[in-house]
Amino acid sequence: MIEARHLRVLRTVAATGSFSAAARELGCTQPAVSQQMKALESSAGTPLIVRTGREMRLTQAGEALVRHATGILAGLTAAEEEIAAIAGLRAGRVRLVSFPSGSSTLVPTALAALRAAHPGTRVSLVEAEPPSSAVMLRDGECDVALAFRYGGSGAEWDDLVVRPLLVDRLVGLVPEGHRLADAGTVAIAELAGESWIAGCPRCRTQLVDACEAVGFTPRIDFATDDYPAVIGLVAAGLGVAVLPELAMESVRTEGVRTLTVEPSVHREIVALTLPDLAQVPAVAATLDQLVLAGAR
């Protein structure tokens, strides 16, 4: 294998015309230059320099290697500079995937802080609900995934780095004219006879589980992943719903009342990445900013 340090010595020898001059240029001894040239010739498998008395000239192979050395060493220098920029967060790219309510609340705060601290780091964003977001992470389609889980599903992320962000409570939604609009707190069993509006598949499953735990199966007449649509349907008197508090931060709530639901239902919001990716400076910085955004 030809080493870059040997190429640098060869290029200097060719430029200065002698081992002694190359040693002075490189700040080392003449024997050290001679040893590195012997090592390079051994790697190349052919003589690179012909010595005749005090004169020295390159062989045809030596001339070819010097010609290539310029481009090789320039490429290595560029690579070293780019890696140093990435390691120092002066450059880098992070591909982020998030569920919608995270995209509209946690992500803007985190990315604004990241850009202010490290303007050279670029972040792209696409949306996906869990568990699809975790699949994208494992398949190499993203570097960080914002996800959530309800109780009892911890094993699904055992192979990932999990950074907890916050615990998000689900709240009840009823139309302003509903019989329970002024209740403040409502037992979920009191909504047994209502028409329900459900959200994403995972949230829908959690809703059914929570209702069945207190003795009834909700009648789901409408299902939509769009939180403003849920609000609009509730406000129009077409049903009741439960939504995460985080989702309520980014939608207009005219025409609905929010209620504390008993027993309480929570979801854990986390940022996920792969163990190796967690060591990448830009990914680590993104995770740190997401944690800070969740704490606000």
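## Strand pairing around β11

Strand β7 (residues 185-187) runs parallel to β11 and is joined to β11 by 3 bridges; strands are said to pair if DSSP finds at least two bridges between them. In this pairing A187 has E262 of β11 as its bridge partner. The model is predicted, so local features need pLDDT of at least 70 and side-chain atom pairs count only at pLDDT 80 or more, while totals for chains, interfaces and linings use all residues. Residues are numbered from 1 along each chain as its sequence is written, and side-chain values use heavy atoms, with hydrogens and water left out.

Strand β11 (residues 256-262) is also joined to strand β6 (residues 161-175), in this case by 5 bridges and in antiparallel orientation. Here V174 is bridged to R257 of β11. Strands (E, at least two residues) and helices (H or I, at least four) are DSSP runs, numbered from the N terminus.

## Aromatic cluster

The model contains 2 aromatic pairs, where rings of Phe, Tyr and Trp (its six-membered ring) pair if their centres lie within 6.5 Å, and planes under 30 degrees apart count as stacked, over 60 as edge-to-face and the rest as tilted. F99 and F148 form an edge-to-face pair, with 5.1 Å from centre to centre and 85 degrees between the planes. F99 lies in the loop between β3 (93-98) and α5 (100-104), whereas F148 belongs to strand β5 (residues 144-149), so this pair ties together parts that are 49 residues apart in sequence. The ring centres of F148 and Y150 are 6.0 Å apart and their planes stand at 80 degrees, so this pair is edge-to-face.

F99, F148 and Y150 form one aromatic cluster. F99 and F148 are both buried, and both F148 and Y150 are buried; buried means under 20% relative accessible area, exposed over 50%, and partly exposed in between (1.4 Å probe, protein chains only). The charged end of R267 sits over the ring of F148, at 4.5 Å from the ring centre. This contact requires NZ of Lys or CZ of Arg within 6 Å of the ring centre and within 35 degrees of the ring normal.

The whole structure holds 2 cavities of 30 Å³ or more. A cavity is a set of points, on a 1 Å grid over the protein atoms alone, where a 1.4 Å probe fits but cannot get out; lining residues have an atom within 4 Å of a point. The largest cavity has a volume of about 100 Å³, the volume being the space filled by probe spheres set on the points. Its lining comprises 13 residues, with G199, C203, R204, L207 and V242 nearest the centre. β8 (195-198), α8 (201-213) and β10 (241-244) each give two or more residues to this lining, and α8 gives the most, with 4 residues. By class, the lining of the largest cavity has 10 nonpolar, 2 polar and 1 charged residues.

The second largest cavity contains about 50 Å³ of space. L170, I188, Q206, L207, A210, V242, V261 and V265 line this cavity, and α8 supplies the largest share, 3 residues. The lining of the second largest cavity divides into 7 nonpolar, 1 polar and no charged residues. Ala, Val, Leu, Ile, Met, Phe, Trp, Tyr, Cys and Pro count as nonpolar, Asp, Glu, Lys and Arg as charged, and the others, Gly among them, as polar.

## Position of T52

T52 is found in strand β1 (residues 49-52). With 44% relative accessibility, T52 counts as partly exposed. T52 and G172 are 120 residues apart in sequence, and their C-alpha atoms are 92 Å apart in space.

Definitions and conventions:
1 Å grid on protein atoms, 1.4 Å probe; cavity = no way out; pocket = protein on both sides within 12 Å on 5 of 7 lines; lining within 4 Å.
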